Amino acid sequence: MANIVMFCILAVIILGSAVMCVMTKRIMRAATFMLFVLFGVAGLYFLLDYTFLGAAQISIYAGGVTMIYVFAIQLVSKQTLQGLVERLKGSRVVFGGLMTLIGLCTVTLVLLKNNFIYAAGRVADAEVPMKAIGESLVGAGKYQYVLPFEFISLFLLACIIGGLVVSRKDEEE
């Protein structure tokens with residue numbers, strides 16, 4: 001019963017922060033709400049006893065990625081952000097609603113085609129040991145994830161270098 005209550009609290013925090021992240025007009029508040037969403041997801045990992053994933057969520061996403069966003073926001077000049085006013089046009093709202101509907105239909109069809117909805121009610125036959133999860137995370141074979149981790153690290157390095165290049169151009173001018 002306590003797990004259900006804690007899940008409901010975390011779900012409210014995640015959904016509320018996600019909505020506020022999208023709806024706020026101030027960019028630093030949006031980054032702060034995104035941080036709350038990432039902490040809520042880490043809470044879900046801890047609730048499921050996935051302590052490694054929860055710690056990785058906090059250290060990598062909540063710590064690193066959010067700080068990169070804040071760093072990038074601070075690098076952008078105030079003049080650029082002051083003129084950032086978005087006006088809603090009817091055609092853009094209709095286009096956005098149409099694209100959302102197409103995405104929802106696509107996800108629903110994929111879930112129905114793969115019988116995911118029907119299989120979600122079944123319980124797994126056996127628990128996967130943590131050693132198997134660790135080996136699949138750092139292995140380089142088929143269905144193992146060391147290469148995606150390396151690509152992500154290179155991407156984050158490119159983002160940091162790009163941020164430094166942008167900040168150096170502002171100093172020279």
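At 62% relative accessibility, Asp49 counts as exposed, where exposed denotes over 50% relative accessible area, buried under 20%, and partly exposed the range in between (1.4 Å probe, protein chains only). The structure is a predicted model, in which local features need pLDDT of at least 70 and side-chain atom pairs count only at pLDDT 80 or more, while totals for chains, interfaces and linings use all residues. Residues are numbered from 1 along each chain as its sequence is written, and side-chain values use heavy atoms, with hydrogens and water left out.

Asp49 is placed in the loop between α2 and α3. Although Asp49 is not a glycine, its phi is positive, at about 65°. This residue comes just after α2.

The chain as a whole contains eight helices and zero strands. Helices (H or I, at least four residues) and strands (E, at least two) are DSSP runs, numbered from the N terminus. Read from the N terminus on, the order of elements is α-α-α-α-α-α-α-α. Of the 173 residues in the chain, 14% are buried. Among contacts (heavy atoms within 4.5 Å) with a separation of 6 or more, 44% are accounted for by residues 24 or more positions apart. The chain exposes about 14000 Å², of which carbon and sulfur atoms supply 71%. Accessible areas come from the Shrake-Rupley method with a 1.4 Å probe; for residues, only the protein chains shown count as cover.

Helix α2 spans residues 27–47 and has 21 residues. From its first C-alpha to its last, α2 reaches 30 Å, close to the 30 Å expected at 1.5 Å a residue; the expected span is 1.5 Å times one less than the number of residues in the helix. Its buried residues are Ala30, Ala31, Leu35, Val37, Leu38, Gly40, Ala42 and Gly43. These buried residues pack against two helices, α1 (2–23) and α3 (51–75).

Two residues of helix α1 were examined, Ser17 and Ile13. Ser17 counts as buried, with a relative accessibility of 8%. When residues up to four places away in sequence are not counted, Ser17 touches Phe33, Phe36 and Val37. Ile13, by contrast, is partly exposed, at a relative accessible area of 39%. Together with Met1, Ile4, Val5, Met6 and Ile9, Ile13 makes a nonpolar surface patch of about 600 Å². Patches are made of residues with over 30% relative accessible area and no salt bridge; like charges are joined within 9 Å, and nonpolar side chains (Val, Leu, Ile, Met, Phe, Trp, Tyr) within 5 Å. A salt bridge is a side-chain nitrogen of Lys or Arg within 4 Å of a carboxyl oxygen of Asp or Glu.

Ala72, which lies in helix α3, counts as partly exposed at 37% relative accessibility. Although Ala72 and Cys159 are 87 residues apart in sequence, the distance between them in space is 9.2 Å, C-alpha to C-alpha.
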